[in-house]
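Here is a short briefing on helix packing, a sheet and a chain–chain contact. Please keep the structure open as you read.

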Amino acid sequence: MRALFSKLITFLGTEPYRLVVALLAIVGFVALNAAYLVWVERKAAGRFQRRPGPTEVGPAGLLQPVADGLKLMAKQLIVPAGADATLFRAAPLLVMAPVLMGLAVIPFGPGLAARNLNVGLLMIFALGSINVMALMVGGWSSRNKYAMMSAARVVSQNVAYEIPMLLVVITMIMATGTTDLRQIVLQQAGPFWHWNLFRVWVNPLMPVTFLIFYICMLEETNRAPFDMAEAESELVAGAYTEYGGMGFGVFFMAEYANIVLGCSLATVLFLGGWQRPFGLLPGLLWFLIKMYFLVFSVVWVRWTFPRTQFYRLLNLSWKLLIPASLFTLILSAAMIKILRALS
Amino acid sequence: MIVNEPTCASAAGTAPRETFVLNLGPQHPATHGVLRVKMTMDGEYVLRAEPVCGYIHRMQEKMGENRTYAQYLPNTSRIDYLSAMTYTHGFVGAVERAARIVVPPRAEYIRVITSELNRISSHLVWWGAFLLDLGGFTPLLYAFDDREMILDLLEGITGARLTYCYYRFGGLYNDVDEAFLRGARQFVLHMRPRLKMYRALVTENIILRKRLIGIGPISAELCRKYGATGPVVRGSGVAYDVRKAEPYSVYRELDFDIPAFPEGDSMARYLVRMEEMAQSLRIIEQALDKLPDGPVMAEKVPRVLKLPAGDYCYAVEAARGRFMVRLVSDNKEIPYRVKLRTPCLSNLSLFEEASRGMLLADALALLGSLDMVIPDIDR
């Protein structure tokens, strides 16, 4: 039995099968996360609002996501009259697919990545841009004015926020000298002040850079206070207005999957990935702790702040975040030069 | 202070513009009821917002004209369901003025206490719902937590939580008990630190301030044009309040201020309501101290009222503004005419002019700051 098991492991470890297993694991991870982050969010929101949150289905409402999922799956998929049926159906998939692919290059632990690409960081951002297109397609094809306005918002908002985010990423690429996420984590080995967040000798404004990244991530995932695309009190449900059943469900899951991806990336880039601050617990667990801490902060922000206006959101990006991220970019370029000249 | 105010470029007529009509409501999360606003939009800019009323019209005035005064009394709780006490006060006051009924002082003081409690609960609902409009979800639950205390108090003496119908011609349905008086005092002590907390957590939040300051300015002139009253006109710098302008009940004997902010923007209206809650607490405290003993019902109020022929008016300050009842009697058991002057209709009327050229999100913040109760518009 034991021999059979180890044979199976080695069999699954060979290349094409290993990838299939890893991708299945990622799909499972994302589905589980999406389902249970909804539960976490509802529970947390309940606590913030002095109420218990879901309690009825299962112990502490733990089966609520299952019940919700079953309900959504049982619903009819309605394509509104006059809508572009193909694009309308394709949009949720287009939102979901890039997140799954992006997670494939995230190193969750030492040697625990579905695919270790030397351009992993670039791949995530290349795929991430599809997300915008997908929301736009969803909004545009539903033939609904609210969805249309939401689609227009999504585009201008994401254009505005991809720039500072990419500037931050370039800063990080310069500081680490690689786009390989595994290498980036390996460089941060050692005590926690080796994490990129505290590497102030490369870039004295590293915490600011992290903050810019965090704000852009909130924005890219369309989370409050930047949830312009889904601004409930203005655009009803924005691009999702016409979606029902699992079409909406997939959008919803993709939102949480995006948060997981964004927080994983922040963990890898700034918080040392699987590196442990002190020698307890395995690396994977530390990765998850850091990531879920960030995820929780995202939830926390949502239930604390009101929504901003759309033009202020754009102003924040063009007038503050882009200059600030450009400044940190130039600053760290200069610091790297100086450090190299000194050594 | 207006920072980065967007300019409506194509609305100025420089580019050929393509407009579309956005049908906001009658089912929309921001209208809090069945209000429909037909918006002509240029992109995200509102060119014209035309409110369409009548989705919940119940012929309240006509109903008044075919039933006796006592039969109509419960209706008054259902016009503006959030300030049922004050609305009943308006109707009861008009009948008492016409029939020359003198209400015992204890009843008047209790009317003031309950009306002010009702005003606070109404403002709390507005506060929570308004922040919901702005995308802040959590304050609503805090507001409802406080409101729950008021509803429990009022339930204890009236038996109802929303549509009280507690005032009767000549006094009250019944006297208040010790539990209510104790509870009201406790509530005042509870609410003051809460208001402080709300100021620290919400009013001073940078996102909220940016969303409200300088947004949706309404001038005193505009208020006069459309007859806007209540916090809307006080947010435009006019300290008009029926409780001071035409003092009714025992408001003359109580010491309170009328908060007014001259800026006229959404923030001013917000601050007026927040300050009014503090003033209502002051009024409740004083009224509890001064509460005299005695009966709560005037003697010899006839079972079937026949008002002497004539035309009678009585106005009260409801949570949303001036509520006036006009009764025309031809000496029968049933009034010849019941006219209800409700604040929300006038306050909504100025929305079309005030919202021109605004962004959708700002226009909805403006609509929220007007504090609409839809049955009060439609009656």
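In chain A, the axes of helix H6 (residues 145–176) and helix H12 (residues 310–342) come within 9 Å and cross at roughly 15 degrees. H6(A) and H12(A) are therefore roughly parallel to each other. This is a predicted model: local features need pLDDT of at least 70, side-chain atom pairs count only at pLDDT 80 or more, and totals for chains, interfaces and linings use all residues. Residues are numbered from 1 along each chain as its sequence is written, while chains are lettered from A and ligands numbered from 1 in the order in which they are written.

**Helix pair in chain A**
- H6(A) passes H12(A) in a left-handed crossing (the near helix is turned anticlockwise from the far one by less than a right angle).
- By class, 19 nonpolar, 7 polar and 1 charged residues form the contact of H6(A) with H12(A).
- Nonpolar covers Ala, Val, Leu, Ile, Met, Phe, Trp, Tyr, Cys and Pro; charged covers Asp, Glu, Lys and Arg; the others, Gly among them, are polar.
- Axes are lines fitted to C-alpha atoms, for helices over the stretch in contact, and angles run from 0 to 180 degrees between N-to-C directions.
- Angles under 35 degrees count as roughly parallel, and those over 145 as roughly antiparallel.
- Helices (H or I, at least four residues) and strands (E, at least two) are DSSP runs, numbered from the N terminus.

**Helix pair in chain B**
- The axes of helix H6 (residues 178–203) and helix H11 (residues 266–290) of chain B come within 10 Å and cross at roughly 160 degrees.
- H6(B) and H11(B) are therefore roughly antiparallel to each other.
- Their crossing is left-handed.
- H6(B) contributes residues including B:Leu181, B:Val188 and B:Leu195, and H11(B) residues including B:Met274, B:Leu281 and B:Leu288.
- The contact of H6(B) with H11(B) has 11 nonpolar, 1 polar and 3 charged residues.

**Sheet in chain B**
- An open sheet of 3 strands runs in the order S1-S2-S3, with antiparallel pairing (strands pair if DSSP finds at least two bridges between them).
- Strand S1 (20–24) and strand S3 (45–52) of chain B are the edge strands.
- The twist averages 25 degrees from one strand to the next.
- S1(B) is joined by 5 bridges to strand S2 (residues 36–42) of chain B.
- B:Leu24 has B:Val37 in S2(B) as its bridge partner.

**Chain A against chain B**
- Contact involves 24 residues of chain A and 29 residues of chain B (C-beta atoms, placed from the backbone, within 7 Å).
- H12(A) gives the largest share of chain A's side, 4 residues.
- That side of chain A has 11 nonpolar, 6 polar and 7 charged residues.

Key. Parallel < 35°, antiparallel > 145°, perpendicular 65-115°, else oblique. Contact = placed C-beta atoms within 7 Å.
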